[in-house]
Amino acid sequence: MPFRFSLREHASLGLFLTRWLLLAVPLGVAVGSACALFLWSLDQATLLRFGNPNLLYLLPLAGMVIGAMYSYFGKTVEAGNNLIVDEIHEPGGGVPLRMAPLVLIGTVVTHLFGGSAGREGTAVQMGGSLASGLASLVPRVDRNDVRTLLMAGVSAGFGGVFGTPVAGTIFALEVLAIGRMSYAAILPCLIAAIASDQTCTAWGIGHTHYHIASMLPAGSELHLAPLSMSLLGKVAVAGMLFGLTSVLFAELVHGLHRIFKELIRRPIFRPAVGGLIVIGLVHWLETRDYLGLGVSSPDPHAVTILSCFHSGGATEWSWLWKIVFTAVTLSSGFKGGEVTPLFFIGAALGNVLAGLLGAPVDFFAALGFVAVFAGATNTPLACTIMAIELFGGEFTVYFATACLVAYLFSGHSGIYLSQRIGTPKVSSMDYSCVSLRGARDVKPPLLDVLKRLRVRSKSNSPEATSTGTNRDGLLAGQHHVGSREIGQLRIYLPQGETGDGMGFLGMFAKPLHRDLVDLAKAAGVMNATSHATHYGDSNHGRVQEDGVAVPNPHLGVCVELIDHREKLELFSRTHADLLRGRVMIYKRLERWELHENALDVSDVAPDEPAAGGDVSE
């Protein structure tokens, strides 16, 4: 048949579009209105802080209020953006609606009293919370629809707060898993992002405008800036440094968060201590340039994002001090996002690198603006599109180069620890863990080799010989436990149910649980077992007991499969005819592995906890 046209298929596509117009537009309007309220409140809080500098000294008290508010009302939403990412991957309990007012109040209070934080985290959390609330109101919403609504909420929050709906759409798809995107939700995300952006604009809320004047002459009709290979090389070098800076930021935030949790057991007091540290930093540096958003300031000599687009608009260490202020603020428990501080950090670093590399200042500030963000969130495509929306499309090649190189050199780190590793950045890297949280426990290959060499050199020393070594030449006891995320699927069946085939005259039929274990083994599932029960009830029947040698067919049997989530999902889809209607429970677990530890015993602090702390957005 030379032509194909399916009326049924296109009718279903039309119904899909109509359905998501009816869902995504109201969601975008609600999120856009929330973003407008949030941005207006943030502006008022910032103006009030500028007019009353002594409010800074109430920052510790404000931190205690935020800590108490989340301790009593927000324990289930403390994970912030990570909670939304987890819910998108595995819809379960949903995102509580109270996340939206809690994070809005917490962020405004943080900025009112001088905390260094951003806006994106708040907008995304409000979008996810409102999307989850909408999902609970709409009848017949299945698991995939919930995921799509949450992603649309993320795109609406991002697009509304920054005025970049297309970047918000791609961000919602790209942030979930490194190296892997699913386009199933792209149209609902775009609809919600456009509706949110237009609603925010309709409320009279504007966004900061940036301009790069040095690359194209006035009145130029070129659609792309002239490509210079020497300038492109400088952009690539800067991209490497932007990526490494994003690693510094992410790891400092996660590391300080872990230190605050270990040293201060009461969550109420952590932001109070963080507030005192911020006040101390202000007095030590004798500047308030690194408080709040840092977009603009009434002081014409202050370092801000806007000033970084001009020569001399930042000091050589402005980017580093913004990292420190923001890391202390967020890791101690204050609320807000990281993206606007990342804009500041990138623009300030770009300002410095422009002088060192002999490049246009405004151009390199724009590159840093988006590239550090790309490295910290592992979203190079969204950041490239954001650069085009904010600065214009004439510099697309340079923007893409900076963002992609920064993405590569940020490694498997990032500010969202629940972000999955869909495809490792380099194929030779063995990162089979599921999330960035798990990746932080895996030793880099080069570091592992260096540690092995160090241990082997020590094992040949007289001291090592006197204490004894094992057959591999390693000091006894020098191992550490590494953990990786993995999944467990439990399938509950009646014990007497048989699989395919009835055996001879209906006898000797193979039990279904054995069939499933054999099928799992053939599919390459890591671990497959079945467990019979001895006492309990199956399918709401009477309580049964297995007290004799012959198994009781009325008792249940559990088939347990252990592997990565993707493998278990593939197995379930492949054998849907056997599993449809069954009680199936999925759990996230940690797989522990013993690794040779090249650190000397004296180098390791006693009771050193495992890495992998999380940060509330």
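Author: Let us start with residue classes: Ala, Val, Leu, Ile, Met, Phe, Trp, Tyr, Cys and Pro count as nonpolar, Asp, Glu, Lys and Arg as charged, and the others, Gly among them, as polar. By those classes, the lining of the largest pocket has 20 nonpolar, nine polar and 13 charged residues. Please keep in mind that this is a predicted model.

Reader: Which residues are closest to the centre of the largest pocket?

Author: The largest pocket has a volume of about 1,400 Å³. Its lining holds 42 residues, and H89, R147, R565, E566 and E569 are the closest to the centre. Elements that give two or more residues to this lining are α1 (7-51), α6 (143-162), β2 (420-421), β3 (479-494), α20 (565-574) and β8 (583-596).

Reader: What makes D197 count as buried?

Author: The cut-off for buried is under 20% relative accessible area. D197 has 9% relative accessibility, so D197 counts as buried. This residue is found in helix α8 (residues 186-202), and D197 touches G159, G160, G163, P165 and H207, leaving aside residues up to four places away in sequence. The C-alpha atoms of D197 and A156 are separated by 7.4 Å, although the two are 41 residues apart along the chain.

Reader: Why is strand β7 called largely enclosed?

Author: Eight of the eight residues of β7 (residues 556-563) are buried, so the rest of the structure largely encloses this strand. G556, C558, E560 and I562 point one way, while V557, V559, L561 and D563 point the other way, and all are buried.

Reader: How do you know that β4 and β7 pair?

Author: At least two bridges are needed for two strands to pair. Six bridges join β4 (residues 527-532) to β7, so the two strands pair, and they run antiparallel. At one place, S530 stands opposite V559 in β7.

Reader: What is the phi of E286, and what is the phi of N378?

Author: Most residues other than glycine have a negative phi. Phi of E286 is near 60 degrees, a positive value in a residue other than glycine. Likewise, phi of N378 is near 55 degrees, positive in a residue other than glycine.

Reader: Are E286 and N378 buried or exposed?

Author: Exposed means over 50%. E286 has a relative accessible area of 72%, so E286 is exposed; this residue is found in the loop between α10 (270-285) and α11 (318-331). N378 has a relative accessible area of 2%, under the 20% cut-off, and is therefore buried. The place of N378 is in the loop between α13 and α14.

Reader: What makes α5 mostly covered?

Author: Of the 18 residues of α5, 15 are buried. Helix α5 (residues 120-137) reaches 26 Å from its first C-alpha to its last, close to the 26 Å expected.

Reader: How many helices and strands are in the chain?

Author: The chain has 21 helices and eight strands. Of its 617 residues, 52% count as buried.

Key: Residues are numbered from 1 along each chain as its sequence is written. This is a predicted model: local features need pLDDT of at least 70, side-chain atom pairs count only at pLDDT 80 or more; totals for chains, interfaces and linings use all residues. Side-chain values use heavy atoms; hydrogens and water are left out. On a 1 Å grid over the protein atoms alone, a cavity is a set of points where a 1.4 Å probe fits but cannot get out, and a pocket is an open set with protein on both sides within 12 Å along at least five of seven lines; lining residues have an atom within 4 Å of a point. Grid points are joined across faces, edges and corners, and a volume is the space filled by probe spheres set on the points. Helices (H or I, at least four residues) and strands (E, at least two) are DSSP runs, numbered from the N terminus. Buried means under 20% relative accessible area, exposed over 50%, partly exposed in between (1.4 Å probe, protein chains only). The expected span of a helix is 1.5 Å times one less than its number of residues. Contact means heavy atoms within 4.5 Å.
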